[in-house]
Each structure stands twice: as structure tokens, then as C-alpha cells.
Amino acid sequence: MFDQVKARVFELLKGDSSGHGLDHVIRVFDLAMKFADAEEDGKGPVDKVVVGLAALLHDVDDYKIFGKVYSENLINAKAVMDALDVDEKTRKKVLDIIGNMGFSKYLTGVRPISLEGKIVSDADMCDAIGASGIIRSVVYAVSSKGNGIIFDKDVFPNVAITVEEYSGNGTKTTHDTDSAINHFFEKMLKLRNLMMTKAGRQESEERQRIMVDFLRHFFKEENVPVWEQFLEDFLDLHTG
């Protein structure tokens, strides 16, 4: 079934150039299954069918790609599961996970509740950080969804960004302080502290170090000491 889902997801996301394509989905799927194995050892059985389906379908209605109507109603996810005759209980669990995960949902106070949902959320957030996350932030910035800015030394990030500022409640794909580098401070560097599973926390630690090292080198090479200090102050205040 997972192979059939992957084929349908590829058709839905094959035109994406913003870092939310099938390569991202497969990485999230692989991480989620890895986390499921780890969490199962410590907390009992994990429904890996639910984990796998939610991981594969988590971006097929993303507002940045398909718009607010699809995001609110999960139209594509429902259509894929209907076509594959996924049972109603599994379907409901998967839709509940997809509908309650993501950084913009977190900004509204919404998080997954089930263990399966926490696993998929952590896997998705882990792929937004570390080496893959750095590449995705640049790809998004220069895609049609971003504003084309990698770094503007005169525009500092909105570190206390709200959901309205971040996504216009699902209607915007960029915002006033958006850039690849500012995205680290507005989202990426915060994700380590949002992990909900032990496996996610362990995975995020190394990815956090990769991002911090990158930024330290980047700001040194750009000769912007004020940004070097901004980074250290941010780390002291926001990540511990």
C-alpha cells in the first residue's frame, strides 16, 4: 500500500520546487518509521500503518502548495485514502494527525495528541532542520513561494512571529521579514524544543548543531559581527 501511496503523492507533488516534493516526503517517511521503531521499544505498540500513511500524505494539502481550501479540508489526502480503500478507523487517525501538525498549527496552540501523530510531527520537523533543512530553506526562498532573498543584513528576523504574520492563517507563502537566513530564527532553530518524542529529541540535537555551526561560519564569512552577536543572544534566550 505504501508504494501505491508514494506513486499518488508523486503525481500530486511532482511540480513542486519549494522543498516539499517527494524527496522531502520520503525522508519524513523514513524518519517516521525509524522513530516508530524506537518509540515502540519504550512505550508499547505503534500503529505503523497510520504513521506511514500520515508521513506520506502530510504535505499533499499543504496551504503553500494547494491553498487554504485544500489545507482546511484535506481534499487530496482523503482522495488518496478513498482510492486505496483505507479503513475508516485508520483514515480518521491519519486525517487527525495531518490536520494537527506543522509549525503554523503550533503557532495557534495546536499539536498532535496521539503517539503516532507525535512521531510524524517530529519526523517532519527534523527534516526542516540540519543539513536538509538548510538546503530546503534556500530552495524555498528562491522558489515561486519565497521572495528570492537569501540574506539581507539590514532586515532582522521577527523572532516572536505570530501565525498571522507567518502564514496569514494559511493564505500567504512569504512575509515581510522572510529570507532563507531569517527563517532559521523565525522557525528552524526553535524546532528542537518542539520535539514530542525521545527519538525526535535525539535526532534534533545533531541537526541543531549543524545549523548553529553553519550560521556562525556564514556570519563570519559575511563579516557581519552584529549578526554573530544576534545569533548568540538568540541561542541564549530561545534554545537554552
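Student: At 0% relative accessibility, does Leu-191 count as buried or exposed?

Tutor: This is a predicted model in which local features need pLDDT of at least 70 and side-chain atom pairs count only at pLDDT 80 or more, whereas totals for chains, interfaces and linings use all residues. Residues are numbered from 1 along each chain as its sequence is written, and side-chain values use heavy atoms, with hydrogens and water left out. Buried means under 20% relative accessible area, exposed means over 50%, and partly exposed lies in between (1.4 Å probe, protein chains only). Because its relative accessibility is 0%, Leu-191 counts as buried.

Student: Which residues does Leu-191 touch, not counting residues up to four places away in sequence?

Tutor: Leu-191 sits in the loop between α12 (180-186) and α13 (198-222); helices here are DSSP runs of H or I with at least four residues, numbered from the N terminus. Leu-191 and Ala-128 are 63 residues apart in sequence, while their C-alpha atoms are 8.3 Å apart in space. With contact meaning heavy atoms within 4.5 Å, the residues touched by Leu-191 are Phe-103, Met-125, Ala-128 and Ile-129.

Student: Within what arc do the buried residues of α7 fall, seen down its axis?

Tutor: Helix α7 (residues 88-98) has Thr-90, Arg-91, Val-94, Leu-95, Ile-97 and Ile-98 buried. These buried residues line one face of the helix because, seen down the axis of α7, they fall within an arc of 160°. On the other side of α7, Glu-88, Lys-89 and Lys-92 are exposed. The arc, taken from the directions from the helix axis to the C-beta atoms, is 160°.

Student: Which residue caps the N-terminal end of α7?

Tutor: The cap is formed by a side-chain oxygen that lies 3.2 Å from the backbone nitrogen of Lys-89. The residue that provides this oxygen is Asp-87.

Student: Which helices are included in what covers the buried residues of α6?

Tutor: In α6, the buried residues are Asn-76, Ala-77, Val-80 and Met-81. Seen down the axis of α6, these residues fall within an arc of 130°, so they line one face of the helix. An α-helix has 3.6 residues a turn, so residues three or four places apart point the same way. What covers the buried residues of α6 includes α1 (2-13), α3, α4 (63-66), α5 and α7.

Student: What is phi of Asp-85 near?

Tutor: Asp-85 is found in the loop between α6 and α7, and at 68% relative accessibility Asp-85 counts as exposed. Leu-74, in the loop between α5 (68-73) and α6, is buried, with a relative accessible area of 9%. Phi of Leu-74 is near 50°, a positive value in a residue other than glycine. For Asp-85, phi is also positive in a residue other than glycine, near 55°.

Student: With which side chain does that of His-175 make a polar contact of 2.6 Å?

Tutor: His-175 lies in the loop between α11 (163-167) and α12 and is buried, with a relative accessible area of 10%. A polar contact is a pair of N or O atoms within 3.5 Å; within protein, one must be able to donate a hydrogen and the other to accept it, and residues adjacent in sequence count only if both atoms are side-chain atoms. The polar contact of 2.6 Å joins the side chain of His-175 to that of Glu-186.

How values were computed: Helices (H or I, at least four residues) and strands (E, at least two) are DSSP runs, numbered from the N terminus.
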